[in-house]
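Here's a protein to look through together, piece by piece. Keep the picture open while you read.

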Amino acid sequence: MYMTYLEKLKALREDNDYSQKQIADILGIAQSTYSQYERGTRALPIESLIMLCNFYHVSPNYLLDWGK
């Protein structure tokens, strides 16, 4: 099944039992801002993408579905 990067962000968070607030704290942003990232109503900054990839130990290629 194909998952968008937004679905992967949410799945990574939920699979690792983190709340949106916990991830927002790691990124140094408000929970409401992180929620907007997951919903796609606000663009995910590249800095946050890199931090999340490092945090979850996944590559940007995996998250963004590049390199098929």
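Helices here are DSSP runs of H or I with at least four residues, while strands are runs of E with at least two, and both are numbered from the N terminus.

## What kind of model this is

This is a predicted model, where local features need pLDDT of at least 70 and side-chain atom pairs count only at pLDDT 80 or more, though totals for chains, interfaces and linings use all residues. Residues are numbered from 1 along each chain as its sequence is written, and side-chain values use heavy atoms, leaving out hydrogens and water.

The protein chain has a mean pLDDT of 93, with 96% of its residues at 70 or more. Confidence is highest in H2, at 98, and lowest in helix H5 (residues 60-64), at a mean of 90.

Which residues of H3 are buried? They are Thr33, Tyr34, Ser35, Tyr37 and Glu38. "Buried" means under 20% relative accessible area, "exposed" means over 50%, and "partly exposed" is in between (1.4 Å probe, protein chains only). The cover over these buried H3 residues includes H1, helix H2 (20-27) and helix H4 (46-56).

Take H1 and its packing on H3. Helix H1 (residues 5-15) and helix H3 (residues 31-39) pack at an angle of about 125°, and their axes are 7 Å apart. The axes are lines fitted to C-alpha atoms, for helices over the stretch in contact, and the angles run from 0 to 180 degrees between N-to-C directions. H1 and H3 are therefore oblique to each other. For the labels, angles under 35 degrees are roughly parallel, over 145 roughly antiparallel, 65 to 115 roughly perpendicular, and the rest oblique. On the H1 side, the contact (heavy atoms within 4.5 Å) uses Leu6, Leu9, Lys10 and Arg13, and on the H3 side Tyr34, Tyr37, Glu38 and Arg39. These residues split into four nonpolar, no polar and four charged. In this sorting, Ala, Val, Leu, Ile, Met, Phe, Trp, Tyr, Cys and Pro are nonpolar, Asp, Glu, Lys and Arg are charged, and the others, Gly among them, are polar.

H2 meets H3 as well. Their axes come within 8 Å and cross at roughly 105°, so H2 and H3 are roughly perpendicular to each other. Here Gln20, Lys21, Ile23, Ala24 and Leu27 of H2 meet Gln31, Tyr34, Ser35 and Glu38 of H3. The residues of this contact divide into four nonpolar, three polar and two charged.

## The nonpolar core

A nonpolar core is a set of buried Ala, Val, Leu, Ile, Met, Phe, Trp, Tyr and Cys residues joined through side-chain atoms within 4.5 Å. The largest one has 13 residues, and the members that touch the most others are Leu9, Ile23, Tyr34, Leu44, Leu52 and Leu63. H1, H2, H3 and H4 each supply at least two residues of this core, and H4 gives the most, with four.

Zoom in on Ile23: leaving out residues up to four places away in sequence, Ile23 touches Arg13, Tyr18, Tyr34, Leu52, Phe55 and Tyr56. Arg13 sits in helix H1. Is Arg13 buried or exposed? Arg13 is buried, with a relative accessible area of 8%. Not counting residues up to four places away, Arg13 touches Tyr18, Ser19, Gln20, Ile23, Tyr34, Glu38 and Tyr56.

## Loops and chain ends

Two loop residues are worth a look. Asp17, in the loop between H1 and H2, has a positive phi near 60° without being a glycine. Asp17 is exposed, at 67% relative accessibility. His57 lies in the loop between H4 and H5 and has a positive phi of about 60°, although it is not a glycine. His57 is exposed too, with a relative accessible area of 72%.

Now for the ends. Tyr2 is in the segment before H1 and is exposed, with a relative accessible area of 54%. Asp65 is in the segment after H5. Tyr2 and Asp65 are 63 residues apart in sequence and 9.2 Å apart in space, C-alpha to C-alpha. What does Asp65 contact, leaving aside neighbours within four places in sequence? Asp65 is in contact with Tyr2, Lys8 and Pro60.

Key:
pLDDT = per-residue confidence, 0-100.
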